[in-house]
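Dear colleague,

I am handing over the structure that we talked about, together with some notes on what was found in it. Please keep the sequence and the model open beside this message while you read.

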Amino acid sequence: MDRTNAEDALKNLFIQITSAHLKPDFSQLGIKAALHEIMDLAASIVENVHETQEEDRVECKSGCSYCCYNQIKLTPAEALLIFSWIDTAFTDQDRTLLGERIQNNRLLTEGKSLETRVRVKKSSPCIFLQQEKCSIYPVRPLICRSWTSYSHEACVDAFQSGNHNSEIETSSSSNFVYYLARETVRTVCRYHGVDSTPLELPRAMDCCLTNKEPFTRWLGGEHLFDRLPACRNMEDSTFSFMDIQVPAFLDRFSLSYQQDGSCIEYFLYSREKEREISTELILSYSSHSKSLNVSKFYPELYRETIHKYMSAACLFLIIHHAASVFGIHRDSFIFLETRNQVFEAFYSRLKNFDFLIHHDRTADNCNVRGIYHVLPVETSMITAAEPRAEMTAF
Ligand code: SF4
Ligand code: SF4
(Lines give C-alpha, C1' and ligand atoms only; values in the text may rest on other atoms or scores of the structure.)
(Ligands and ions follow the chains in the order given, each with its own letter.)
Protein backbone atom coordinates (compact mmCIF):
# COMPACT_ATOMS: atom_id res chain seq x y z
CA MET A 1 0.00 0.00 0.00
CA ASP A 2 1.50 3.39 -0.93
CA ARG A 3 1.59 6.29 1.50
CA THR A 4 -1.48 8.08 0.13
CA ASN A 5 -3.59 4.93 0.34
CA ALA A 6 -2.28 4.23 3.84
CA GLU A 7 -3.15 7.79 4.85
CA ASP A 8 -6.70 7.46 3.50
CA ALA A 9 -7.21 4.04 5.08
CA LEU A 10 -5.97 5.16 8.48
CA LYS A 11 -7.96 8.39 8.40
CA ASN A 12 -11.10 6.40 7.57
CA LEU A 13 -10.42 4.04 10.43
CA PHE A 14 -9.98 6.92 12.89
CA ILE A 15 -13.15 8.57 11.57
CA GLN A 16 -15.12 5.33 11.95
CA ILE A 17 -14.01 5.08 15.56
CA THR A 18 -15.01 8.62 16.38
CA SER A 19 -18.33 8.28 14.56
CA ALA A 20 -19.16 5.12 16.48
CA HIS A 21 -18.66 7.00 19.75
CA LEU A 22 -20.10 10.35 18.74
CA LYS A 23 -23.00 9.58 16.43
CA PRO A 24 -25.46 8.69 19.13
CA ASP A 25 -24.48 11.67 21.21
CA PHE A 26 -21.85 14.37 20.84
CA SER A 27 -21.05 14.31 24.52
CA GLN A 28 -18.18 14.39 27.01
CA LEU A 29 -18.38 10.63 27.39
CA GLY A 30 -18.34 10.08 23.63
CA ILE A 31 -15.37 12.37 23.05
CA LYS A 32 -13.35 10.87 25.86
CA ALA A 33 -14.09 7.33 24.66
CA ALA A 34 -13.19 8.27 21.07
CA LEU A 35 -9.92 9.90 22.13
CA HIS A 36 -8.91 6.92 24.25
CA GLU A 37 -9.67 4.49 21.45
CA ILE A 38 -7.79 6.56 18.85
CA MET A 39 -4.80 6.83 21.20
CA ASP A 40 -4.82 3.08 21.87
CA LEU A 41 -5.18 2.18 18.22
CA ALA A 42 -2.39 4.58 17.19
CA ALA A 43 -0.13 3.08 19.87
CA SER A 44 -0.75 -0.47 18.73
CA ILE A 45 -0.16 0.40 15.04
CA VAL A 46 3.11 2.17 15.86
CA GLU A 47 4.24 -0.63 18.15
CA ASN A 48 3.49 -3.15 15.44
CA VAL A 49 5.48 -1.22 12.84
CA HIS A 50 8.40 -0.79 15.22
CA GLU A 51 8.43 -4.48 16.00
CA THR A 52 8.41 -5.50 12.37
CA GLN A 53 10.51 -2.78 10.75
CA GLU A 54 12.45 -0.73 13.20
CA GLU A 55 13.30 -3.17 15.95
CA ASP A 56 15.50 -1.78 18.68
CA ARG A 57 15.98 1.52 16.93
CA VAL A 58 13.84 3.69 19.20
CA GLU A 59 15.88 4.63 22.27
CA CYS A 60 13.09 6.17 24.39
CA LYS A 61 12.50 4.75 27.83
CA SER A 62 10.72 5.57 31.06
CA GLY A 63 12.43 8.32 33.06
CA CYS A 64 14.06 9.90 30.00
CA SER A 65 12.50 13.33 29.74
CA TYR A 66 14.70 15.70 27.73
CA CYS A 67 11.83 16.04 25.26
CA CYS A 68 9.50 17.17 28.08
CA TYR A 69 11.18 20.59 28.27
CA ASN A 70 9.64 21.71 24.97
CA GLN A 71 6.57 23.89 24.81
CA ILE A 72 3.93 21.65 23.34
CA LYS A 73 0.62 22.28 21.61
CA LEU A 74 -2.57 20.28 21.78
CA THR A 75 -6.17 20.53 20.64
CA PRO A 76 -8.91 21.76 23.00
CA ALA A 77 -10.42 18.23 23.01
CA GLU A 78 -7.14 16.79 24.32
CA ALA A 79 -6.85 19.59 26.91
CA LEU A 80 -10.34 18.82 28.17
CA LEU A 81 -9.56 15.10 28.36
CA ILE A 82 -6.58 15.95 30.59
CA PHE A 83 -8.72 18.34 32.62
CA SER A 84 -11.33 15.61 33.27
CA TRP A 85 -8.65 13.14 34.24
CA ILE A 86 -6.84 15.43 36.71
CA ASP A 87 -10.20 16.38 38.18
CA THR A 88 -10.40 12.89 39.65
CA ALA A 89 -6.75 11.76 39.77
CA PHE A 90 -4.92 14.81 41.21
CA THR A 91 -4.65 15.49 44.92
CA ASP A 92 -4.99 19.03 46.30
CA GLN A 93 -1.21 19.13 46.53
CA ASP A 94 -0.89 18.14 42.85
CA ARG A 95 -3.30 20.90 41.88
CA THR A 96 -1.40 23.53 43.87
CA LEU A 97 1.84 22.44 42.22
CA LEU A 98 0.16 22.54 38.81
CA GLY A 99 -1.10 26.08 39.39
CA GLU A 100 2.40 27.21 40.38
CA ARG A 101 3.89 25.49 37.35
CA ILE A 102 1.43 27.21 35.01
CA GLN A 103 2.20 30.63 36.45
CA ASN A 104 5.94 30.03 36.33
CA ASN A 105 5.76 28.82 32.75
CA ARG A 106 3.74 31.83 31.69
CA LEU A 107 6.15 34.24 33.34
CA LEU A 108 9.07 32.64 31.53
CA THR A 109 7.52 32.08 28.12
CA GLU A 110 4.48 34.24 27.44
CA GLY A 111 5.08 36.70 24.62
CA LYS A 112 8.75 35.65 24.41
CA SER A 113 10.58 34.83 21.19
CA LEU A 114 11.50 31.25 20.36
CA GLU A 115 15.15 32.06 21.13
CA THR A 116 14.24 33.27 24.63
CA ARG A 117 12.06 30.23 25.21
CA VAL A 118 14.89 27.94 24.24
CA ARG A 119 17.21 29.75 26.66
CA VAL A 120 14.81 29.22 29.57
CA LYS A 121 14.12 25.63 28.57
CA LYS A 122 15.89 24.07 31.53
CA SER A 123 13.94 26.15 34.05
CA SER A 124 10.55 25.61 32.42
CA PRO A 125 9.83 21.89 32.19
CA CYS A 126 6.42 20.81 31.02
CA ILE A 127 3.86 21.65 33.69
CA PHE A 128 3.10 17.93 34.05
CA LEU A 129 6.65 16.67 34.45
CA GLN A 130 7.28 15.33 37.99
CA GLN A 131 10.48 13.52 39.00
CA GLU A 132 11.29 13.21 35.28
CA LYS A 133 8.03 11.35 34.64
CA CYS A 134 4.77 12.41 33.03
CA SER A 135 2.12 12.87 35.74
CA ILE A 136 -0.73 12.57 33.21
CA TYR A 137 0.72 9.64 31.29
CA PRO A 138 -2.62 7.84 30.52
CA VAL A 139 -4.04 11.00 28.92
CA ARG A 140 -0.89 12.70 27.61
CA PRO A 141 -1.37 14.62 24.35
CA LEU A 142 -1.00 13.01 20.93
CA ILE A 143 2.09 15.06 20.14
CA CYS A 144 3.89 13.61 23.19
CA ARG A 145 2.95 10.10 22.08
CA SER A 146 4.41 10.76 18.64
CA TRP A 147 7.87 11.69 19.97
CA THR A 148 10.54 9.11 19.49
CA SER A 149 14.26 9.24 19.00
CA TYR A 150 16.75 6.91 17.41
CA SER A 151 19.45 8.58 19.45
CA HIS A 152 19.16 9.33 23.14
CA GLU A 153 22.52 11.08 22.84
CA ALA A 154 21.14 13.46 20.20
CA CYS A 155 18.29 14.39 22.58
CA VAL A 156 20.77 15.10 25.39
CA ASP A 157 22.92 17.20 23.04
CA ALA A 158 19.93 19.19 21.80
CA PHE A 159 18.79 19.83 25.37
CA GLN A 160 22.21 20.86 26.65
CA SER A 161 23.14 23.02 23.65
CA GLY A 162 19.68 24.64 23.44
CA ASN A 163 19.83 24.20 19.67
CA HIS A 164 16.18 23.97 18.65
CA ASN A 165 17.18 23.17 15.06
CA SER A 166 19.04 20.01 16.05
CA GLU A 167 18.37 17.11 13.72
CA ILE A 168 17.07 14.23 15.82
CA GLU A 169 16.25 11.15 13.80
CA THR A 170 12.77 10.01 14.73
CA SER A 171 10.37 7.27 13.73
CA SER A 172 8.50 8.46 10.65
CA SER A 173 5.72 5.90 11.25
CA SER A 174 5.08 7.32 14.71
CA ASN A 175 4.98 10.88 13.36
CA PHE A 176 2.68 9.80 10.54
CA VAL A 177 0.17 7.83 12.64
CA TYR A 178 -0.14 10.36 15.47
CA TYR A 179 -0.29 13.27 13.06
CA LEU A 180 -3.27 11.62 11.33
CA ALA A 181 -4.86 10.89 14.70
CA ARG A 182 -4.55 14.53 15.69
CA GLU A 183 -5.89 15.75 12.34
CA THR A 184 -8.86 13.40 12.68
CA VAL A 185 -9.66 14.85 16.09
CA ARG A 186 -9.53 18.35 14.64
CA THR A 187 -11.65 17.41 11.61
CA VAL A 188 -14.32 15.79 13.75
CA CYS A 189 -14.39 18.78 16.11
CA ARG A 190 -14.72 21.17 13.20
CA TYR A 191 -17.52 19.01 11.79
CA HIS A 192 -19.40 19.34 15.09
CA GLY A 193 -18.81 23.08 15.19
CA VAL A 194 -16.53 23.14 18.24
CA ASP A 195 -13.18 24.87 18.62
CA SER A 196 -10.25 22.85 17.30
CA THR A 197 -7.49 25.45 17.22
CA PRO A 198 -4.21 24.12 18.67
CA LEU A 199 -3.24 25.70 22.00
CA GLU A 200 -0.14 25.81 24.09
CA LEU A 201 -0.47 23.34 26.93
CA PRO A 202 -0.01 25.70 29.94
CA ARG A 203 -2.45 28.24 28.57
CA ALA A 204 -4.97 25.57 27.65
CA MET A 205 -4.84 24.11 31.16
CA ASP A 206 -5.08 27.56 32.70
CA CYS A 207 -8.30 28.13 30.75
CA CYS A 208 -9.72 24.77 31.80
CA LEU A 209 -8.86 25.25 35.47
CA THR A 210 -10.05 28.83 35.82
CA ASN A 211 -13.44 28.35 34.18
CA LYS A 212 -16.62 26.73 35.35
CA GLU A 213 -17.80 23.78 33.29
CA PRO A 214 -15.23 24.20 30.52
CA PHE A 215 -16.15 20.91 28.82
CA THR A 216 -19.85 21.75 28.65
CA ARG A 217 -19.18 25.25 27.38
CA TRP A 218 -16.79 24.00 24.71
CA LEU A 219 -19.35 21.40 23.61
CA GLY A 220 -21.88 24.21 23.32
CA GLY A 221 -19.68 25.82 20.65
CA GLU A 222 -18.24 28.49 22.92
CA HIS A 223 -14.76 29.72 22.00
CA LEU A 224 -13.74 29.29 25.58
CA PHE A 225 -10.04 29.52 24.89
CA ASP A 226 -10.40 32.74 22.86
CA ARG A 227 -12.39 34.68 25.41
CA LEU A 228 -10.10 34.87 28.35
CA PRO A 229 -7.39 37.50 28.22
CA ALA A 230 -5.38 35.47 30.72
CA CYS A 231 -5.00 32.60 28.29
CA ARG A 232 -4.24 34.12 24.95
CA ASN A 233 -4.03 31.38 22.38
CA MET A 234 -1.76 31.11 19.38
CA GLU A 235 -3.95 33.36 17.23
CA ASP A 236 -3.80 36.22 19.71
CA SER A 237 -0.07 36.10 20.11
CA THR A 238 0.54 35.82 16.36
CA PHE A 239 -1.57 38.88 15.77
CA SER A 240 0.45 41.00 18.15
CA PHE A 241 3.62 40.01 16.33
CA MET A 242 2.17 40.96 12.94
CA ASP A 243 0.54 44.03 14.39
CA ILE A 244 4.05 45.45 14.45
CA GLN A 245 5.51 43.80 11.35
CA VAL A 246 2.75 44.53 8.86
CA PRO A 247 2.82 48.34 9.26
CA ALA A 248 6.64 48.22 8.99
CA PHE A 249 6.33 46.22 5.77
CA LEU A 250 3.69 48.56 4.33
CA ASP A 251 5.85 51.60 5.07
CA ARG A 252 8.40 50.27 2.63
CA PHE A 253 6.45 48.13 0.16
CA SER A 254 3.09 47.84 -1.50
CA LEU A 255 1.27 44.89 -3.03
CA SER A 256 -1.10 44.62 -5.96
CA TYR A 257 -2.71 41.56 -7.48
CA GLN A 258 -4.16 40.03 -10.56
CA GLN A 259 -6.68 37.20 -10.38
CA ASP A 260 -7.14 34.58 -13.03
CA GLY A 261 -9.88 32.17 -11.96
CA SER A 262 -8.61 30.18 -9.01
CA CYS A 263 -5.12 31.77 -9.14
CA ILE A 264 -3.90 35.07 -7.80
CA GLU A 265 -0.54 36.57 -8.65
CA TYR A 266 0.82 39.31 -6.41
CA PHE A 267 3.24 42.06 -7.37
CA LEU A 268 5.55 43.51 -4.75
CA TYR A 269 6.62 47.13 -5.18
CA SER A 270 9.43 48.85 -3.28
CA ARG A 271 8.62 52.44 -2.35
CA GLU A 272 12.33 53.21 -1.86
CA LYS A 273 13.45 51.78 -5.20
CA GLU A 274 10.29 52.92 -6.93
CA ARG A 275 9.99 49.69 -8.85
CA GLU A 276 8.57 46.22 -8.64
CA ILE A 277 10.96 43.87 -6.91
CA SER A 278 9.10 40.61 -7.19
CA THR A 279 6.41 38.95 -9.24
CA GLU A 280 7.07 35.47 -7.96
CA LEU A 281 4.12 35.38 -5.58
CA ILE A 282 1.34 33.06 -6.65
CA LEU A 283 -1.44 31.42 -4.68
CA SER A 284 -4.09 29.07 -6.01
CA TYR A 285 -7.33 27.91 -4.49
CA SER A 286 -8.72 24.40 -4.59
CA SER A 287 -12.50 24.46 -4.43
CA HIS A 288 -12.43 20.68 -3.98
CA SER A 289 -10.39 20.65 -0.77
CA LYS A 290 -11.21 24.29 0.10
CA SER A 291 -7.56 24.95 0.66
CA LEU A 292 -4.94 27.46 -0.44
CA ASN A 293 -1.80 26.40 -2.22
CA VAL A 294 1.23 28.67 -2.12
CA SER A 295 2.48 27.91 -5.65
CA LYS A 296 5.33 30.43 -5.60
CA PHE A 297 6.65 32.58 -2.83
CA TYR A 298 9.95 34.22 -3.67
CA PRO A 299 9.53 37.83 -2.57
CA GLU A 300 13.28 38.51 -2.89
CA LEU A 301 13.07 40.56 0.29
CA TYR A 302 16.27 39.10 1.66
CA ARG A 303 18.07 41.41 -0.80
CA GLU A 304 16.64 44.46 0.98
CA THR A 305 18.29 46.23 3.90
CA ILE A 306 16.70 45.60 7.31
CA HIS A 307 14.62 42.79 5.87
CA LYS A 308 14.04 40.84 9.06
CA TYR A 309 10.42 39.66 9.26
CA MET A 310 9.48 41.38 5.95
CA SER A 311 8.93 38.06 4.16
CA ALA A 312 6.76 36.89 7.04
CA ALA A 313 4.66 40.08 6.84
CA CYS A 314 4.35 39.70 3.06
CA LEU A 315 3.17 36.08 3.32
CA PHE A 316 0.81 36.99 6.14
CA LEU A 317 -0.83 39.71 4.06
CA ILE A 318 -1.22 37.75 0.82
CA ILE A 319 -2.61 34.69 2.62
CA HIS A 320 -5.22 36.81 4.38
CA HIS A 321 -6.00 38.67 1.16
CA ALA A 322 -6.41 35.44 -0.85
CA ALA A 323 -8.47 33.93 1.98
CA SER A 324 -10.91 36.84 1.78
CA VAL A 325 -11.04 36.69 -2.05
CA PHE A 326 -11.83 32.95 -2.07
CA GLY A 327 -13.86 32.88 1.15
CA ILE A 328 -11.52 30.51 3.00
CA HIS A 329 -12.79 29.45 6.39
CA ARG A 330 -11.17 29.08 9.76
CA ASP A 331 -8.92 26.02 10.03
CA SER A 332 -8.70 25.45 6.26
CA PHE A 333 -5.39 24.15 5.04
CA ILE A 334 -2.58 26.05 3.38
CA PHE A 335 -0.23 23.85 1.40
CA LEU A 336 3.22 24.60 0.10
CA GLU A 337 6.33 22.79 -0.97
CA THR A 338 9.70 24.16 -0.07
CA ARG A 339 13.32 23.26 0.39
CA ASN A 340 14.23 21.76 3.76
CA GLN A 341 16.61 24.60 4.47
CA VAL A 342 13.93 27.21 3.77
CA PHE A 343 11.46 25.35 5.98
CA GLU A 344 13.89 25.33 8.89
CA ALA A 345 14.97 28.94 8.43
CA PHE A 346 11.60 30.46 7.64
CA TYR A 347 8.32 28.52 7.71
CA SER A 348 8.98 26.55 10.89
CA ARG A 349 9.52 29.82 12.73
CA LEU A 350 6.42 31.65 11.54
CA LYS A 351 4.24 32.53 14.45
CA ASN A 352 1.16 33.17 12.35
CA PHE A 353 0.51 29.76 10.98
CA ASP A 354 0.68 26.34 12.46
CA PHE A 355 2.96 24.86 9.81
CA LEU A 356 3.60 21.14 9.89
CA ILE A 357 5.50 18.87 7.56
CA HIS A 358 2.93 16.40 6.33
CA HIS A 359 4.94 14.10 4.12
CA ASP A 360 8.35 12.66 4.52
CA ARG A 361 11.07 14.97 3.44
CA THR A 362 12.92 14.01 0.32
CA ALA A 363 16.62 14.85 0.21
CA ASP A 364 15.95 18.53 -0.46
CA ASN A 365 12.27 19.25 -0.22
CA CYS A 366 9.40 18.97 2.19
CA ASN A 367 5.66 19.38 1.80
CA VAL A 368 4.17 21.63 4.40
CA ARG A 369 0.65 22.03 5.63
CA GLY A 370 -0.46 25.12 7.53
CA ILE A 371 -3.70 25.99 9.22
CA TYR A 372 -5.49 29.20 8.29
CA HIS A 373 -6.45 31.27 11.30
CA VAL A 374 -9.11 33.90 10.78
CA LEU A 375 -7.82 37.21 12.11
CA PRO A 376 -9.14 40.74 11.66
CA VAL A 377 -6.52 41.65 9.08
CA GLU A 378 -7.04 44.67 6.86
CA THR A 379 -6.02 43.81 3.27
CA SER A 380 -7.86 46.50 1.30
CA MET A 381 -4.53 48.23 0.62
CA ILE A 382 -3.73 45.36 -1.81
CA THR A 383 -5.22 46.77 -4.97
CA ALA A 384 -5.99 45.20 -8.35
CA ALA A 385 -3.02 45.58 -10.69
CA GLU A 386 -3.27 47.09 -14.15
CA PRO A 387 -4.11 44.22 -16.54
CA ARG A 388 -0.92 42.55 -17.73
CA ALA A 389 -0.30 40.55 -20.85
CA GLU A 390 -0.64 37.22 -19.07
CA MET A 391 -0.07 35.71 -15.68
CA THR A 392 3.41 34.45 -15.02
CA ALA A 393 3.54 30.76 -15.94
CA PHE A 394 3.90 28.38 -13.04
S1 SF4 B 1 12.53 11.50 22.52
FE2 SF4 B 1 14.63 11.62 23.35
S3 SF4 B 1 14.40 12.63 25.33
FE4 SF4 B 1 12.36 11.89 24.74
S5 SF4 B 1 12.20 9.87 25.70
FE6 SF4 B 1 12.98 9.56 23.61
S7 SF4 B 1 15.21 9.51 23.85
FE8 SF4 B 1 14.37 10.44 25.72
S1 SF4 C 1 2.50 16.06 28.92
FE2 SF4 C 1 3.79 14.45 29.80
S3 SF4 C 1 4.80 13.52 28.03
FE4 SF4 C 1 3.99 15.48 27.34
S5 SF4 C 1 5.66 16.97 27.57
FE6 SF4 C 1 4.44 17.00 29.48
S7 SF4 C 1 5.40 15.58 30.86
FE8 SF4 C 1 6.18 15.13 28.82
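How many bridges join strand 10 to strand 11, and do the two strands run parallel or antiparallel? Two bridges join them, and the strands run antiparallel. One of the pairs to look for is Ile357, whose bridge partner in strand 11 is Val368. Please bear in mind throughout that this is a predicted model.

Among the contacts between residues at least 6 apart in sequence, 67% join residues that are at least 24 apart.

Eight of the strands form an open sheet with mixed pairing, and their order across it is 10-11-9-8-7-6-5-12. Strand 10 (356–357) and strand 12 (383–384) stand at the edges with a single partner strand each, so one side of each has no neighbour in the sheet.

Helix 13, residues 310–326, lies across strands 5, 6, 7, 8 and 9, and runs at about 45 degrees to strand 7.

A residue in strand 6

Phe267, which has its place in strand 6, counts as buried because 20 C-beta neighbours lie inside 10 Å of it. Apart from its neighbours within four places in sequence, Phe267 is in contact with Leu255, Ser256, Glu276, Thr279 and Ala385. Of these contacts, Ser256 is eleven residues away from Phe267 in sequence, and the two C-alpha atoms are 5.2 Å apart in space.

Helix 8

Helix 8 covers residues 172–191, which makes 20 residues, and its span from first to last C-alpha is 28 Å, close to the 28 Å expected at 1.5 Å a residue. Its buried residues include Phe176, Val177, Tyr178 and Leu180, and also Arg182 and Glu183. Just after this helix, Gly193 takes a positive phi of about 75 degrees.

The two ligands

Around ligand 1 you will find Glu59, Cys60, Cys64, Tyr66, Cys67, Trp147, Thr148, Ser149, His152 and Cys155, and this shell divides into six nonpolar residues, three polar and one charged. Around ligand 2 are Cys68, Ile72, Cys126, Phe128, Leu129, Cys134, Ile136, Arg140, Pro141 and Cys144, a shell with nine nonpolar residues, no polar ones and one charged.

Definitions and conventions. Residues numbered from 1 in each chain as written. Chains lettered and ligands numbered in written order. Predicted model: local features only at pLDDT ≥ 70, side-chain atom pairs only at ≥ 80, totals over all residues. Pairing = 2+ DSSP bridges. Helix = DSSP H or I, 4+ residues; strand = E, 2+ residues; numbered from the N terminus. Contact = placed C-beta atoms within 7 Å. Axes fitted to C-alpha atoms, helices over the stretch in contact; angles between N-to-C directions. Expected span 1.5 Å × (residues − 1). Buried ≥ 20, exposed ≤ 12 C-beta atoms within 10 Å, placed from the backbone. Near = placed C-beta within 6 Å. Nonpolar A, V, L, I, M, F, W, Y, C, P; charged D, E, K, R; others polar.
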